[in-house]
Amino acid sequence: MANLNIQVEEQLYQKSKQIFEILGMDFDTAIVLFLKQTVREQGIPFKLTLKNPESIQARKDVENGHLATFNSLDELLEDLNVD
């Protein structure tokens, strides 16, 4: 069994936790359901859309092979935090 440690905004966590409880499950069970459905669908189990120009450009970059590579997690995080 693997352990998963994620960080989400507190408000998002609390609101989603309330919904999961109404559905009769805890947060961990909901995440496992998401992962199982991802495997079953062989992709993200909901529609993804590109509604803003940055997302559209990022997708074009990926399709054209213009990808950033990083040698470590620190390099990736540093790149993500650059304004």
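**Fold and aromatic residues**

Modeller: This is a predicted model. From the N terminus on, the elements of the protein run α-α-α-α.

Biologist: How many helices and strands does that come to?

Modeller: The secondary structure comprises 4 helices and 0 strands. The radius of gyration is 17 Å, well over the 12 Å that the globule rule gives for 83 residues, so the protein is more spread out than a compact globule.

Biologist: What does the C-alpha trace span along its principal axes?

Modeller: The C-alpha trace spans about 45 × 30 × 30 Å along those axes.

Biologist: What share of the residues is buried?

Modeller: Of the 83 residues in the protein, 5% are buried.

Biologist: Are Phe20 and Phe27 buried or exposed?

Modeller: Both Phe20 and Phe27 are buried.

Biologist: How many aromatic pairs are found in the whole structure?

Modeller: A search of the whole structure gives 2 aromatic pairs. In the pair of Phe20 and Phe27, the ring centres are 5.8 Å apart and the planes lie at 55°, so this pair is tilted.

Biologist: Which residues form the aromatic cluster?

Modeller: One aromatic cluster is formed by Tyr13, Phe20 and Phe27.

Notes
Residues numbered from 1 in each chain as written. Predicted model: local features only at pLDDT ≥ 70, side-chain atom pairs only at ≥ 80, totals over all residues. Heavy atoms only, no water. Phe/Tyr/Trp six-rings, centres within 6.5 Å; stacked < 30°, edge-to-face > 60°. Buried < 20%, exposed > 50% of the residue type's maximum accessible area, 1.4 Å probe, protein only. Helix = DSSP H or I, 4+ residues; strand = E, 2+ residues; numbered from the N terminus. Rg over C-alpha atoms; globule rule 2.2 N^0.38 Å.
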